[in-house]
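Please read the following report alongside the sequence and the model.

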Amino acid sequence: MAVGDTPDGFVPGRWARPRRAAATPPARPAGPGDRRDPRLWVVVVLLVLLQAGAMAALWPHGEDRPLKDRANAYKDGIGFVTGVVVGTRQESCAGDPTDRQADGTVPATTTCFKASVRIDEDGRTRVVEVGVPTQITRSGFGVGDELRLTRFPGETGQPADYAYLDFARVTPMVLLTALFLLTVALVGRWRGLLAVVGLLIAYATVVTFVLPALLAGRNPVLVGAVSAGLIMSVILYLVHGLSNKTTTALLGTLAGIWVTAGLAWWISSAAHLNGLVSEENFTLSRLTTGADIRAVILCGMILAGLGILNDVTITQASAVWELRSYAAHLDARQLFTSAMQIGRDHMASTIYTIAFAYAGVALPGLLLVDLYGTPVTQLLTSGGIAEEIARTLVASIGLILAIPLTTAIGVAISHGATPANDAATTGAATTRAAPSGAAAHQTAEADLASRPRARGRRAAL
């Protein structure tokens with residue numbers, strides 16, 4: 001062998017080993033989870049038809065119309081307009097109960113804020129003056145802000161009166177929504193956009209069915225469970241496609257929904273969660289002639305954890321079918337155990353997500369009760385906090401139980417396939433086995449002999 005030659009034909013310095021074309025990585029083998037089992041479609045179609053029939057039976061037929069007419073904010077000529085703040089001023093005025101101090105006293109005088117707002121109404125522009133609550137000015141208020149005003153019609157021959165209602169947030173919310181859609185399109189592409197379509201379908205279902213059905217006094221457990229089931233039946237297949245894996249996730253989701261519905265029904269009754277812990281709920285109870293607001297709380301518990309429940313089931317279904325594709329030799333028990341190991345890791349992080357999400361929503365109330373010095377036991381069992389805790393625990397139990405349920409469903413469905421079909425669709429059947437032992441040594445020698453050798457410029461010793 002010439003000095004400088006190497007077994008693979010590489011000579012340091014001037015000569016270089018010929019480059020080989022980069023091998024194209026093999027595509028992911030199609031697994032049994034990507035197929036569509038006709039037997040499963042029979043079960044899915046029956047479930048969807050059953051839920052659709054239940055929705056048709058629960059659908060309100062105008063029973064909520066009198067309530068909406070009575071609560072309509074636009075009646076008696078009341079309206080809403082949007083304007084821009086062009087000036088502010090302060091003045092001294094008499095105190096009222098809304099200015100009550102921490103010691104319970106009401107000051108004789110306090111500082112009031114007035115805002116001059118330019119509005120466009122009836123084809124003409126004018127400036128009106130409205131009072132702004134002190135708490136609003138503390139959070140940031142100035143010239144150029146957009147406000148929503150309530151317009152009260154004046155007496156005959158008198159101009160209308162205007163009152164501060166809220167900030168107008170249309171422009172920043174539209175910009176944020178546009179940024180969200182752009183992000184979804186760039187990162188998620190068509191699947192992300194389909195998820196947005198599914199979200200719109202979900203909200204349309206809530207507005208057209210859930211809200212009217214609750215106002216009409218329909219059973220809240222059935223309303224929440226049926227609407228959630230149909231929403232997931234559409235969204236899962238729309239976003240993730242028609243496959244055995246998606247069907248597994250759907251069946252696991254439906255099981256989790258009904259577990260959550262049962263727990264919500266029990267805790268709302270046992271803990272007397274009547275929902276009368278906020279001004280909005282009291283107003284709703286008054287406008288609905290004293291109806292039981294517990295139905296709203298109960299249905300809200302079912303819908304609150306729906307998104308996270310879907311996340312858990314689709315992940316767990318993917319785990320089962322991916323393990324089945326790449327490790328077809330696993331029996332049912334081994335497959336269940338391996339998939340559950342993945343599910344437990346996911347479960348832990350998901351529980352933290354739910355707890356912190358609800359804690360963030362309830363943070364103002366927690367600060368208030370902390371200022372009051374309420375004992376911990378009384379704090380955790382008070383109406384508002386108890387509702388948040390119950391909602392968190394119900395959603396957590398539902399998604400925790402959905403993990404083994406989805407895993408068991410996936411294992412049962414995957415092992416229902418025939419061995420011949422599994423062999424045709426797993427990676428093991430399409431991947432060449434690597435040589436070993438003497439065969440590996442002979443293969444290596446043949447490979448070296450077939451490589452081109454560079455001729456050394458130095459003489460052999």
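## Salt bridges

The structure holds five salt bridges, a salt bridge being a side-chain nitrogen of Lys or Arg within 4 Å of a carboxyl oxygen of Asp or Glu. This is a predicted model, in which local features need pLDDT of at least 70 and side-chain atom pairs count only at pLDDT 80 or more, while totals for chains, interfaces and linings use all residues. Residues are numbered from 1 along each chain as its sequence is written, and side-chain values use heavy atoms, with hydrogens and water left out.

E121 takes part in a salt bridge with R126, at 3.6 Å from N to O, and in another with R151, at 2.8 Å from N to O. E121 counts as buried because its relative accessibility is 14%, where buried means under 20% relative accessible area, exposed over 50% and partly exposed in between, with a 1.4 Å probe and protein chains only. R126, at 23% relative accessibility, counts as partly exposed, and R151, at 23% relative accessibility, is likewise partly exposed.

A further salt bridge joins the side chains of D166 and R169, at 2.9 Å from N to O. D166 is partly exposed at 27% relative accessibility, and R169 is partly exposed at 42%.

## The surroundings of R89

R89, E91 and E129 are linked in a network of salt bridges. R89 is found in strand β1 (residues 79-94) and is partly exposed, with a relative accessible area of 36%.

Leaving aside neighbours within four places in sequence, R89 is in contact with C112, F113, K114 and E129, where contact means heavy atoms within 4.5 Å. The C-alpha atoms of R89 and C112 are separated by 8.5 Å, and the two residues are 23 residues apart along the chain.

## Packing of α5 and α8

Two packed helices are described by the angle between their axes and the distance between the axes. Helix α5 (residues 220-240) and helix α8 (residues 294-304) pack at an angle of about 25 degrees, with their axes 8 Å apart; axes are lines fitted to C-alpha atoms, for helices over the stretch in contact, and angles run from 0 to 180 degrees between N-to-C directions. That angle makes α5 roughly parallel to α8, because angles under 35 degrees count as roughly parallel, over 145 as roughly antiparallel, 65 to 115 as roughly perpendicular and the rest as oblique.

On the α5 side, P220, V221, V223, G224, A225, S227 and A228 meet A295, L298, C299, I302 and L303 in α8. By class, this contact has ten nonpolar, two polar and no charged residues, with Ala, Val, Leu, Ile, Met, Phe, Trp, Tyr, Cys and Pro counted as nonpolar, Asp, Glu, Lys and Arg as charged, and the others, Gly among them, as polar.

## T246 and the chain as a whole

T246 is found in helix α6 (residues 244-270) and is buried, with a relative accessible area of 0%. Not counting residues up to four places away in sequence, T246 touches L236, Y237, H240 and G241.

The chain has 16 helices and five strands, and 34% of its 461 residues count as buried. Residues 24 or more positions apart account for 70% of the contacts in the chain with a separation of 6 or more.

Notes:
Helices (H or I, at least four residues) and strands (E, at least two) are DSSP runs, numbered from the N terminus.
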